[in-house]
Amino acid sequence: MTLIQRILMGAFDIIGYILISRKLLNYESFNKKIYVLCIFSLSLIIAIIGGYVSEQHNFIITTVLMWIVVYYLYRRNAIETTYLHILSIIIVVLVQFLTVALLEIFMEKIEYSFFYGLTSQIISLVMIISISRYLPINLIFHFILKRNKTLKFLVLNLLCLLIAILFYWYADLEGILHNIISMFILFIGIIFVNLVLLKNGLREEYTERQLQIYEKYLPVIDQLINELRKRQHEYDNHIQALKMLTTINTDYESTIKTITRYSEQLAIQSDLGKLIKLNNKVLAGFLYSKQKLAEKLGIDFEIVINDYDFSTRLLDYELVEVIGNLINNAFETEVEKNTVEIILSKNQDMDIIKVKNKHPYLGYEVINSMFRKGFSTKSNKSRGYGLPNLKEIIKKYKGEVSVSNIKYDNENYVVFRVSIKS
C-alpha cells in the first residue's frame, strides 16, 4: 500500500476506536479540532512507521500510541484508561473480524488488497457508529469500574480471543481467509457463551446489590417502629396533660394559647409517622437513617412526602444510590446552620425527587461541570464521582436531572430535581 492508502486505513481504525471509547465512557464533551488533530497525526505516524516495521510490531506501536491518546483525551487514571483501551480495541477488532467474515460469505472470495480493506473498513465503521449510538455498551465499562467479577472475566476471555485472532491473522493471513466461515461460526459461538455468562453475571450482581440494601435498611425499620412506640407512649402522656389543662385552667384565651403552643411542639416531633406510611420500606429505613445522621450533624433536615405510594422504575439499590448521593451532597456543603429538604412527589406520569439545601450561588459553568467525573465544589478533592454516577443511573431510565438556584428568606438554596417517567 502507498502512504496515502495506509493513512486512510489507519484513520478508519482510529475513528472507530475513538467512537467506541467515547461511548464506553458516555463522554459528552467534544472538541472537534482536538479530535481531528489526534486522528490525522496518529494516522500519519502509524502510516509512516508501517512502511518500515512488520505488521505485528506496527500493531504494538499503534496500541501504545492509542493508549496515550485516550489518556490525553479523557484524563482518566492509568487503570481506568487501560480498561477503556482494552475494551475499545476488543470491540473494534471483533467488529472488523465480523465484517471480513461477512464479506467472505457474500462476496465468495476476498483478497488482501486496498479495495477489500477499504470496503471492510467502511462497513466496520458503519457497524461501529450503530453500536455507539444504539447499544448501551457503556454499562460494560460502568460495571467494570464497580469491580464486577463477571465483567472482568468476560474482558479477559475476549482479550484472549483477540490475541488468538491476531496471532493467527499475522501468522497465516491466507489461512484465516480460507477458513473464515468456520472461524465465523466459532466466533459467534464464543460470543453467545460470553453473552449468556454476562447476562447471568449481571442478574447475580443486581440480586446481590438488592439483598445488600435489604439487609442494611430493613432492620432500620425495626428501630423506626420502636421509636414510634416510644413516641406513642409519650403522646399518651401529652394527651393526659392536655385534658388536665382544660380541667384546671379557667382562663379560655390562656388555655387556647397553651394548647396551640403545645400542639406545635408535638408537630415538630411527628416526622416519623410520615416515614412509616411510605409504601417502600427500604426507602423509609434509608431516610430514617439519614434523619438520625442529620440530628448528629446538627443539620435541619425535613422530609416532605406528597405521595406515600412513591415508587419508581429504579431498583431499590439504584433509588437509594440516587437519593443518597443527593442527600450526601446536601449534607456536605460546608455551610453554617445547614438546612436540607427532600420532597418525594408525583406529577402526572412523572416521579419527582427534589433535594434543596442552603448553598452559595452556583454559576452556570459550575452547574454544567457538576456531573463531570472528578469535579467537586468541596474542599475534599478526592470526591466528585457521586453526581456522575447518579446521572448515569437516571440516563439509563431516560430520566432527567436539573440543578437550579432559588432565593428563600434572603438565603440562596440549590435545588436538585430528578424526574423519571413512571
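Guide: Let us begin with a definition: two residues are in contact when they have heavy atoms within 4.5 Å. The model shown here is predicted. Among the contacts in the chain with a separation of 6 or more, 71% are between residues 24 or more positions apart.

Visitor: How many helices and strands are there in the chain?

Guide: The chain has 15 helices and five strands.

Visitor: What share of the 422 residues is buried?

Guide: A residue is called buried under 20% relative accessible area and exposed over 50%, with partly exposed in between. Buried residues make up 43% of the 422 residues. The accessible surface of the chain comes to about 23900 Å², and 60% of this surface belongs to carbon and sulfur atoms.

Visitor: Which residues form a nonpolar patch on the surface?

Guide: The patch is formed by Leu3, Ile48, Tyr52 and Val53, which together have about 400 Å² of accessible area. Ile48 lies in helix 2, residues 32–50. Because its relative accessible area is 39%, Ile48 is classed as partly exposed.

Visitor: Let us turn to the strands. In which sense do strand 1 and strand 2 pair?

Guide: In a regular strand the side chains alternate between the two faces of the sheet. Here, strand 1 (residues 300–305) pairs with strand 2 (residues 339–347) in the parallel sense, over six bridges. Glu302 stands opposite Glu341 of strand 2.

Visitor: What do strand 1, helix 13 and strand 2 make?

Guide: Together with helix 13 (residues 316–331), strand 1 and strand 2 make a β-α-β unit, and this unit is left-handed.

Visitor: I now turn to a residue of strand 3. Is Asn357 buried or exposed?

Guide: Asn357 is found in strand 3, residues 350–358. Its relative accessibility is 3%, so Asn357 counts as buried. With its neighbours within four places in sequence left aside, Asn357 is in contact with Ala330, Thr333, Asn338, Thr339, Val340, Asn412, Tyr413 and Val414.

Visitor: How many salt bridges does the structure hold?

Guide: The general idea is that side chains of opposite charge can pair when their charged atoms come close. The structure holds five salt bridges. One of them joins Glu295 and Lys292, whose closest N and O atoms are 3.6 Å apart.

Visitor: Why are Glu295 and Lys292 separated by about one helical turn?

Guide: The separation is about one helical turn because Glu295 and Lys292 are three residues apart in helix 12, residues 281–297. Lys292 has 36% relative accessibility and therefore counts as partly exposed.

Visitor: Which side chain meets that of Lys356 in a salt bridge?

Guide: The side chain of Lys356 meets that of Glu341, at 3.4 Å from N to O. This pair links distant parts of the chain, since Lys356 is in strand 3 and Glu341 is in strand 2, 15 residues apart. Both Lys356 and Glu341 are buried.

Visitor: With which residue does Asp351 form a salt bridge?

Guide: The partner of Asp351 is Lys346, and the closest N and O atoms are 3.2 Å apart. Asp351 counts as buried because its relative accessibility is 2%. Lys346, at 42% relative accessibility, counts as partly exposed.

Visitor: What is the phi of Lys398, and where is Lys398 placed?

Guide: Lys398 has a positive phi of about 60°, although it is not a glycine. Its place is in the loop between helix 15 (386–396) and strand 4 (400–408). Lys398 counts as exposed because its relative accessibility is 74%.

Visitor: Finally, how far apart in space are Ile185 and Ala101?

Guide: Distance along the sequence and distance in space are read separately. Ile185 and Ala101 are 84 residues apart in sequence, while their C-alpha atoms are 9.5 Å apart in space. Ile185 is found in helix 9, residues 180–248. With a relative accessible area of 58%, Ile185 is exposed.

Terms used. Residues numbered from 1 in each chain as written. Predicted model: local features only at pLDDT ≥ 70, side-chain atom pairs only at ≥ 80, totals over all residues. Heavy atoms only, no water. Patch = residues over 30% accessible without salt bridge, like charges linked within 9 Å, V, L, I, M, F, W, Y side chains within 5 Å. Areas by Shrake-Rupley, 256 points an atom, 1.4 Å probe, with all protein chains shown as cover. Salt bridge = Lys/Arg side-chain N within 4 Å of Asp/Glu carboxyl O. Helix = DSSP H or I, 4+ residues; strand = E, 2+ residues; numbered from the N terminus. Buried < 20%, exposed > 50% of the residue type's maximum accessible area, 1.4 Å probe, protein only. Pairing = 2+ DSSP bridges. Right-handed = clockwise from strand over helix to strand, strands pointing away.
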